[in-house]
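Below is a short walk through one structure, from a few paired strands to the nonpolar cores and then to a pair of domains. Please keep the sequence and the 3D view at hand while reading.

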Amino acid sequence: MNDEFTSYLNTTGEVGYVRRTISSLAYVEGLPSVRPYERVMFETGTYGYVNAFTEDMVETISFSDVPLPAGLRVARTNEQLSIPVGEELLGMMIDPLGRPLRQDISWVSPKTRRAIDSEPLPIRARARVKEPCITGITVTDIMVPLGKGQRALVVGDQKTGKTSFLLRTIISQIREGSIGIYVTVGKSKLVIRQIEDELTKAGVFDRVIIVAAYADDPAGIIHVAPFAGMTIAEYFRDAGEDVIIVIDDLSMHAKMHRELSLLGRRAPGRNSYPGDMFYIHARLMERAGNFITPAGERSITCLPVIEAAHGDITGYIPTNTISMTDGHLFFDYNLYVAGRRPAINPFLSVTRVGKQIQPPIAKEINQLLTGFLSSARQLETVTSFGAEFNEQLKTAMEKQRNIYLFFNQLANEILAPPLQLYLFCLVWNQQWKGAPSEKVEKELRAVGTRYTADSSFRKEINTLTTKANSLDALLALVQKNTKL
Amino acid sequence: MNYEPIYKNIRTISERGAVYSAIETILEALYKKGADINTVIETEIPNTLVRPLKQALQRLPDTSLKTIQTYMEGLSKQLAILRTLSLEIAFDPTEETVTVLIAWVREFLGNDIIMEFSVDRGLFGGARVAYEGRYKEINLATLIEKTMQNQQETIDTMLENISV
């Protein structure tokens, strides 16, 4: 018999027997003092945890790849389902139970363990979001700014560039000193490998932890993945670090929760999701935020992803998640098809805390562009009816086109905030008046490349943007120094 | 209905299994054309169960098929709620051992209890008992190991003195 299993039996003095199994669910008779979310061990050596109780049975979720046979013995462990947490996890790809997924790396498991389900911190331990969370994506940083500690939903159709956006945001934040956690919920091995490669290529993998639940993992493992990621985030927050966590994606997690609930014969609600669907996700989201810690204010910025079929954000899970987060970024399939990268629709995206912490000039640009782009959209409608273009209309339409070109970014392009402001000024000052879009695009890229490569140019732009105390002043300064 | 005369003769899980299959045989035969229940019991059911079953059926208020069916279904349900005491020992228990053990267990826990025996040859001087989710291992090997652990220092000192 497994020594560990025997030791648990002897320590707790309790035993249970699997009486019935339905997929990942195992109904156990016995274990009289077992508690909810307690980790249990099956005689085969696999683990599971207590999910619910029926009148005479304990409902457990097993982490076994194969269904457990009836009659199998089960032991209590007298501890909550937990994972190892520590600095050792940095630069690792682990499964939701904290086991390394790459065998070619030598690794010492952290000694500290934390329960994966913990009570979110109360309101007195929270602070207002005060610092901007720079993503390096122009359209986000200017139009839908995020703050450190914000829960920002990333919602959109499949293949609309969500992962690319998330990776750039994580990379930007890591370069600013945060710790990155990328949780994949039921993704293919290929996608996870690509994420790992991107982060390695950007040279930030040593500050990242990937919590990977593969699509072919048991439902129980996939289900705990977001909680495991959040537990690691909480550890680093308590260790005095800012953390950014991506949960890719929550809609798959909701499906797993639905699957387990239906197998457990819970009453189905809307779209067959169980009644506690909102509670499960809201409790998870509440664990993120800006917190008051002994080391000062530390944040867990959470970016959950929801896949909205055919861009429909009015579904049950998208609306649920929209209501429990502090804003959302909508990735529009139509914009993606039209060639906009990233395909974020600023008019359908919301940020509830980002604007309050946006730097003054960026805020001015935001207000200016919101007004300009909506009136330009109306003008576009008018002109589509064949109205004649006067000079003013032509200028407005060209400006609108250039603004969208300015928002366009290459797949791995990260723009620093001063560069974003500078480029905006160039576009707004009509630096490339009458030029075709290819030329404008080329020129914008050229300025970006020069900013990265030429340190004196970078320094000059940084000085320029810090020197100005208003948008008008900055526009004037840039106008004066266009031949930098 | 009184099922005690039947289930008090059941001592182990395997015996309960035999009764289950007997119930199934009887239920299947009930509505078979030309089948006589007494003949079925005498020919198709293990000898040990023939007499108690016949006696139980004789005690029924009437011998209609419906009454026999209800009785058999009730018996099946009653068997399912019997409590089980699991005992893991190092040897195959003889009939005599089983009888002695079940008598002793029923004296303390009541007649609605049956035993499940399993064998682990690795057990040394003891047994593992599980009952209603409670587990206890009383094993000489474990006792020796525990004592060795507790007395480690004393044993080390003794060994050192001997070597000196």
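Which residue in E5(A) stands opposite Gly48(A)? The residue is Ser62(A). As with everything that follows, this comes from a predicted model.

Gly48(A) belongs to a set of neighbouring strands in chain A. Strand E4 of chain A covers residues 47-53 and pairs with strand E3, residues 38-42, in the antiparallel sense over 3 bridges. In this pairing Gly48(A) is the bridge partner of Val40(A). A hairpin is formed by E3(A) and E4(A), with 4 residues between them. Gly45(A), in the turn, has a positive phi of about 100°. E4(A) is also joined by 5 bridges to strand E5 of chain A, residues 58-62, and the two run antiparallel. E4(A) and E5(A) form a hairpin too, with 4 residues between them.

Next come the nonpolar cores. The largest has 132 residues, and the members that touch the most others are Ile181(A), Val211(A), Ile232(A) and Ile245(A). Helix H5 of chain A, residues 219-238, gives the largest share of this core, 12 residues. Leaving aside residues up to four places away in sequence, Ile181(A) has contacts that include Ile209(A), Val211(A), Gly229(A) and Ile232(A). A second, separate core has 14 residues, among them Ile23(B), Leu53(B), Ile102(B) and Phe117(B).

Chain B is divided into domain 1 (4-80) and domain 2 (83-137). Their centres, taken over C-alpha atoms, are 27 Å apart. The contact between them takes 8 residues from domain 1 and 9 residues from domain 2. On the domain 1 side, helix H1 (4-7) and helix H2 (13-30) of chain B each supply at least two residues. By class, that side has 3 nonpolar, 1 polar and 4 charged residues.

How values were computed. Residues are numbered from 1 along each chain as its sequence is written. Chains are lettered from A and ligands numbered from 1 in the order in which they are written. This is a predicted model: local features need pLDDT of at least 70, side-chain atom pairs count only at pLDDT 80 or more; totals for chains, interfaces and linings use all residues. Domain bounds come from an automatic or database domain assignment. Two residues are in contact if their C-beta atoms, placed from the backbone, lie within 7 Å. Ala, Val, Leu, Ile, Met, Phe, Trp, Tyr, Cys and Pro count as nonpolar, Asp, Glu, Lys and Arg as charged, and the others, Gly among them, as polar. A nonpolar core is a set of buried Ala, Val, Leu, Ile, Met, Phe, Trp, Tyr and Cys residues joined through C-beta atoms within 7 Å. A residue is buried if 20 or more other C-beta atoms lie within 10 Å of its own, exposed if 12 or fewer, and partly exposed in between; C-beta atoms are placed from the backbone. Two strands pair if DSSP finds at least two bridges between them.
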